[in-house]
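Thanks for coming. I have one structure to go through today, so please look at the screen.

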Amino acid sequence: MIEKIIVLEDVDPVIFYGVNNSNIQIIKALYPKLRIVARGNVLKVLGDEEEMCSFEENIVAIEKYCATYNQLTEDNVVDIIKGRRPGAEYGDSVILFNINGKPIVPRNDSQKKLVSAYEKNDMLFSIGPAGTGKTYLSIALAVRALKSKTAKRIILSRPAVEAGEKLGFLPGDMKDKIDPYLQPLYDALQDMIPANKLKELTEMNVIQIAPLAFMRGRTLNDAVVILDEAQNTTPQQIKMFMTRMGSNAKFIINGDITQVDLPPSQKSGLIQALGILKDVKGIGFVEFDKKDIVRHKLVQRIVEAYNRSKDNNI
């Protein structure tokens, strides 16, 4: 008789154990010679040595499946333990699976170029109109890097610049005022990482979401770092951000140069950086246009209508 302690590190235990612990009950039924006690993210197992070896191997496979697909059913558990490959087969284009188990894949040629440029460069500029999936796809690549352990953390940032609203008149303290600017980043993460796991990763600072001003003075190593809405940075801010890059880091800078919310007298740092850095080795550039919009079909029509408008101040 031997005893083993197995810690579930990469999955949400609630998903792993199943509704009313249905998955763990199936595992117990398939390993009758083992006594299995589950507490939080820890499995304590006591029993036959030969069966223990098979149990450990299959628990690793089950945990990997759960971490990859963000879901786990009783049928998945049975298939893995019985040596069958569970679920549908997907091609190499899948970046990862969302919390509902649906694949996140590039949806057009420009998104494919973004994925390819990310793999080939340490810094990437992704430029295009709203709705082209720049932010969502960038965060998907970052989450994949975290899951595959090619990065130790994700850092997401935005400049807190008003788009017609006044920051000072929003209620609450500074965090309450800034959070609305960061909500699109939270939205994407919540679609890719189960709520309990996302809360844990945020509390441990494995995932950090902060205004651009919080980047000053830092050196960002072993991370995927994403700057969103970069068109609203000043030249000094974007230079400060780019020079935070440390070892084994990937930087993605997203922006829409047609939607600058800075005062008319202030030059966009993103527009300036695109000109200065266009020939720098190791920096990739991907441009999206209105045909790449992947939101509701009306979004593309709205963008086209404004582009046709004679009122260029909108």
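Which residues form a nonpolar patch on the surface? They are Ile-257, Val-260 and Ile-271, and together they have about 210 Å² of accessible area. Before I go on, please keep in mind that this is a predicted model.

Ile-271 sits in helix 10, residues 269–276. Its relative accessibility is 40%.

Now the charged patch. Lys-28 belongs to helix 2, which covers residues 22–30.

In the loop between helix 1, residues 13–17, and helix 2, we find Asn-21. Asn-21 counts as partly exposed, at 37% relative accessibility. Asn-21 and Ala-38 are 17 residues apart along the chain, and 9.6 Å separates their C-alpha atoms.

The largest nonpolar core has 35 residues. The members that touch the most others are Ile-139, Val-143, Leu-156, Leu-189, Met-192, Ile-193 and Ile-207. At least two core residues come from each of these elements: helix 5 (109–120), helix 6 (134–147), strand 7 (153–158), helix 7 (174–192), helix 8 (195–203), strand 8 (207–211) and strand 9 (223–227). Which helix gives the most to this core? Helix 6 does, with eight residues.

That is all I have.

Technical notes. Residues numbered from 1 in each chain as written. Predicted model: local features only at pLDDT ≥ 70, side-chain atom pairs only at ≥ 80, totals over all residues. Heavy atoms only, no water. Helix = DSSP H or I, 4+ residues; strand = E, 2+ residues; numbered from the N terminus. Core = buried A, V, L, I, M, F, W, Y, C linked by side-chain atoms within 4.5 Å. Buried < 20%, exposed > 50% of the residue type's maximum accessible area, 1.4 Å probe, protein only. Patch = residues over 30% accessible without salt bridge, like charges linked within 9 Å, V, L, I, M, F, W, Y side chains within 5 Å. Areas by Shrake-Rupley, 256 points an atom, 1.4 Å probe, with all protein chains shown as cover. Salt bridge = Lys/Arg side-chain N within 4 Å of Asp/Glu carboxyl O.
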